[in-house]
Amino acid sequence: MNDSLVQLKNVNKHFGALHVLKDINLSVGKGEVIILLGPSGSGKSTLCRTINRLETIDSGEISIDGKLLPEEGKALAQLRAEVGMVFQSFNLFAHKSILDNVTLGPRKVLGKSKAEAEEEAMALLAKVGVDSQAQKMPAQLSGGQQQRVAIARALAMKPKVMLFDEPTSALDPEMVNEVLETMVSLAKEGMTMIVVTHEMGFARRAADRIVFLADGEIVEEATPTEFFTNPKSDRAKDFLGKILNH
Ligand SMILES: Nc1ncnc2c1ncn2[C@@H]1O[C@H](COP(=O)(O)OP(=O)(O)O)[C@@H](O)[C@H]1O
Ligand SMILES: [Mg+2]
């Protein structure tokens, strides 16, 4: 596919003897929302981390917007700006205000002025519904609010693609929806997204495509309707049986 924004070709990755990504081929189109599902330990986090090169790969190719991932240096810093990532743990800078958390990257990496960075940060904080908290420190916010700040912080770098690795798994249940709603509106605006989640309602609703991983392999790729109503592989049937029947 030529208009793919993120492309992985024959990607292999080992941790010692463990073959954690097995010949992964995946093409994510511009504006597409991919939901990565799979049992614990199947390689979902590792796959996400290779896309912004938090993990190196042993063989294969990964490209973003037609450019191969750079090895190091300035080009790698640039790539990291293009690929936004939100993790399970909120990892905001604890000793910086919410506003400073969001303006830091644009000022340091994109070279924006304080005034411009703050204006954009306030607009993004308003968009995720936490602009009234801008002067507070992270610890003063709820987990759901902190995770929405983490999303605003990633967006401030004007990423081409956003990676989410279980962004709601560490949240109290009543805060899960506010974060998922933020992600749904981002998807509606056309953001390209790769999301690892256990929120099956969200997966059904938001995914353009489900990619099911097991033991480091892409076992199945399907639309949400196909995947949830008619999974083809035994691995996917087993996985869905475990998570949907309780
Ligand atoms: N840094 C690491 N060193 C060694 N093994 C790792 C490392 N990170 C992950 N693994 C192993 O790789 C496999 C895939 O892990 P991971 O990508 O975190 O899976 P998932 O996110 O699907 O639960 C697991 O067996 C895990 O224990
Ligand atoms: Mg994981």
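First, some housekeeping. This is a predicted model, so to speak: local features need pLDDT of at least 70 and side-chain atom pairs count only at pLDDT 80 or more, while totals for chains, interfaces and linings use all residues. Residues are numbered from 1 along each chain as its sequence is written, chains are lettered from A and ligands numbered from 1 in the order in which they are written, and side-chain values use heavy atoms, with hydrogens and water left out.

Start with ligand 1. Around it you'll find Phe-15, Leu-18, Val-20, Pro-39, Ser-40, Gly-41, Ser-42, Gly-43, Lys-44, Ser-45 and Thr-46, where being around the ligand takes a heavy atom within 4 Å of it. Some of these residues make polar contacts, meaning pairs of N or O atoms within 3.5 Å; within protein, one atom must be able to donate a hydrogen and the other to accept it, and residues adjacent in sequence count only if both atoms are side-chain atoms. Gly-41 uses its backbone, with a polar atom 2.7 Å from an oxygen of ligand 1. Lys-44 uses its side chain, where a polar atom sits 2.8 Å from a ligand oxygen. From Thr-46, a side-chain N or O atom is 2.5 Å from an oxygen of ligand 1.

Now for the pockets. A 1 Å grid is laid over the protein atoms alone: a cavity is a set of points where a 1.4 Å probe fits but cannot get out, a pocket is an open set with protein on both sides within 12 Å along at least five of seven lines, and lining residues have an atom within 4 Å of a point. The largest pocket has a volume of about 580 Å³, counted as the space filled by probe spheres set on the points, with grid points joined across faces, edges and corners. Its lining has 22 residues, and Arg-80, Met-85, Phe-93, Arg-153 and Met-157 lie nearest the centre. At least two lining residues come from each of α2 (73–82), β6 (83–86), α3 (98–108) and α5 (143–155); helices (H or I, at least four residues) and strands (E, at least two) are DSSP runs numbered from the N terminus. By type, the lining splits into 14 nonpolar, 5 polar and 3 charged residues. Here Ala, Val, Leu, Ile, Met, Phe, Trp, Tyr, Cys and Pro are nonpolar, Asp, Glu, Lys and Arg are charged, and the others, Gly among them, are polar.

The second largest pocket holds about 170 Å³ of space. Its lining includes Thr-50, Arg-53, Gly-60, Glu-61, Ile-62 and Glu-71, and β4 gives the largest share, 3 residues. This lining has 4 nonpolar, 3 polar and 4 charged residues.

Back to Arg-153, one of the residues nearest the centre of the largest pocket. It belongs to helix α5, and it counts as buried because its relative accessibility is 17% (buried is under 20% relative accessible area, exposed over 50%, partly exposed in between, with a 1.4 Å probe and protein chains only). Leaving aside neighbours within four places in sequence, Arg-153 is in contact (heavy atoms within 4.5 Å) with Phe-90, Asn-91, Leu-92, Phe-93, Asn-101 and Val-102. Leu-92 is 61 residues away along the chain, yet the two C-alpha atoms are 8.9 Å apart.

What do the helices bury? In α2, the buried residues include Leu-76, Leu-79, Ala-81 and Glu-82, and their cover includes α1, β4, β5, β6 and β7 (161–165). Asn-52, between α1 (44–51) and β4 (59–64), is buried because its relative accessible area is 4%. Beyond four places in sequence, Asn-52 touches Leu-79, Arg-80, Val-83, Met-85 and Leu-163. Gln-133, in the loop between α4 and α5, counts as buried because its relative accessibility is 11%. With neighbours up to four places away left out, Gln-133 is in contact with Ile-98, Leu-141 and Gln-145.

Asp-23, in strand β2 (residues 18–29), has a positive phi of about 50° although it is not a glycine, and it is partly exposed at 41% relative accessibility. Asp-65, in the loop between β4 and β5 (67–68), also has a positive phi of about 50°, and its relative accessible area of 38% makes it partly exposed.
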